[in-house]
Amino acid sequence: MRLVNTRCAASEARGATLTVRRLDLNLIHNLYVQFLIMEKHHSYSQVKGVSTGTTILAVKFNGGVIIGSDSRASMGESYVSSKTINKLIQVHDRIFCCIAGSLADAQAVTKMAKFQLSFHSIQMESPPLVKAAASIMRELCYSNKEELQAGFITAGWDRKKGPQIYVVSLGGMMLSQPFTIGGSGSTYIYGYVDAKFKPDMSLEEATQFSTNALALAMGRDNVSGGVVHLVVITEAGVKHIVVPGDKLPKFHDE
């Protein structure tokens with residue numbers, strides 16, 4: 001009888017420990033979200049007036065996806081605050097986001113998404129799906145649509161659906177696309193990408209397509225510029241490519 005009581009006590013202790021751990025994880029999650037919200041408001045007060053000057057894109061090819069952007073950050077109308085910012089943010093091993101809009105808002109959202117994805121992958125004991133990452137971004141954008149001034153492209157590769165691209169707009173709308181462009185520089189290249197895109201491009205073709213599109217936008221949009229950042233995501237892994245400004249293709253006399 002004493003042995004049975006000892007076992008019951010040990011079982012209750014283990015159950016209580018698991019309950020405490022769950023409470024601890026929930027408490028940590030809630031505190032982290034509150035911290036990021038406060039950090040976002042603090043950052044926004046410091047960089048209020050950041051414009052949406054940028055050019056971002058993503059394109060699927062046969063076996064993977066390329067996500068890319070320029071590297072110029074602007075404030076106000078046309079003041080260039082940074083020439084070397086990396087707008088491609090890794091939220092998981094084979095999932096990246098690129099940002100357009102308020103940098104403070106975008107950083108706050110991607111930090112929250114990165115934390116939630118890590119938490120999700122631990123619970124599922126497997127890498128998260130690209131759609132799951134985009135859905136988290138969509139939920140964060142929709143829940144805070146009155147305050148946020150940022151849009152996102154989420155791209156990556158997973159074992160279920162392979163390469164994927166999702167666009168998450170300001171209000172929280174999510175669309176799956178074979179290729180997409182965004183930012184102020186995108187208005188200059190809609191004709192080019194519509195004419196030159198084709199399904200199942202090779203890696204070389206997709207890389208040239210992305211580089212040309214970004215170079216065209218950077219040559220015409222005064223708040224896009226710097227270098228071209230490209231990330232190639234495939235089943236084999238992730239490769240980061242940087243094309244300096246003096247190595248970009250030219251399409252007219254400058």
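Start at the largest pocket, which has a volume of about 280 Å³. A pocket here is an open set of points on a 1 Å grid over the protein atoms alone, where a 1.4 Å probe fits, with protein on both sides within 12 Å along at least five of seven lines. The volume is the space filled by probe spheres set on the points, which are joined across faces, edges and corners. Before you select anything, note that this is a predicted model, in which local features need pLDDT of at least 70 and side-chain atom pairs pLDDT 80 or more, while totals for chains, interfaces and linings use all residues. Residues are numbered from 1 along each chain as its sequence is written, and side-chain values use heavy atoms, with hydrogens and water left out.

Lining residues have an atom within 4 Å of a point. Next, colour strand 6 (95–101), strand 7 (150–158), strand 8 (162–168) and strand 10 (179–182), the elements that each give two or more residues to this lining. Strands are DSSP runs of E with at least two residues, numbered from the N terminus. Strand 7 gives the most, with four residues. What classes make up the lining of the largest pocket? There are ten nonpolar, nine polar and no charged residues, where Asp, Glu, Lys and Arg count as charged, Ala, Val, Leu, Ile, Met, Phe, Trp, Tyr, Cys and Pro as nonpolar, and the others, Gly among them, as polar.

**Two cysteines**

Now pick Cys97 and Cys98. The sulfur of Cys97 is 7.6 Å from its closest cysteine sulfur, in Cys98, too far for a bond. With a disulfide defined as a pair of cysteine sulfur atoms within 2.5 Å, the count comes to zero. Cys97 is buried, with a relative accessible area of 0%, and Cys98 is buried at 0% too; buried means under 20% relative accessible area (1.4 Å probe, protein chains only).

Move on to strand 2 (residues 64–69), where six of six residues are buried.

Val59 stands opposite Ile66. The two strands form a hairpin with two residues between them, and Gly63 in the turn has a positive phi of about 110°.

Finish with strand 11 (residues 228–234), antiparallel to strand 2 over six bridges. There, His229 is the bridge partner of Ser69.

Definitions and conventions: Buried means under 20% relative accessible area, exposed over 50%, partly exposed in between (1.4 Å probe, protein chains only). Two strands pair if DSSP finds at least two bridges between them.
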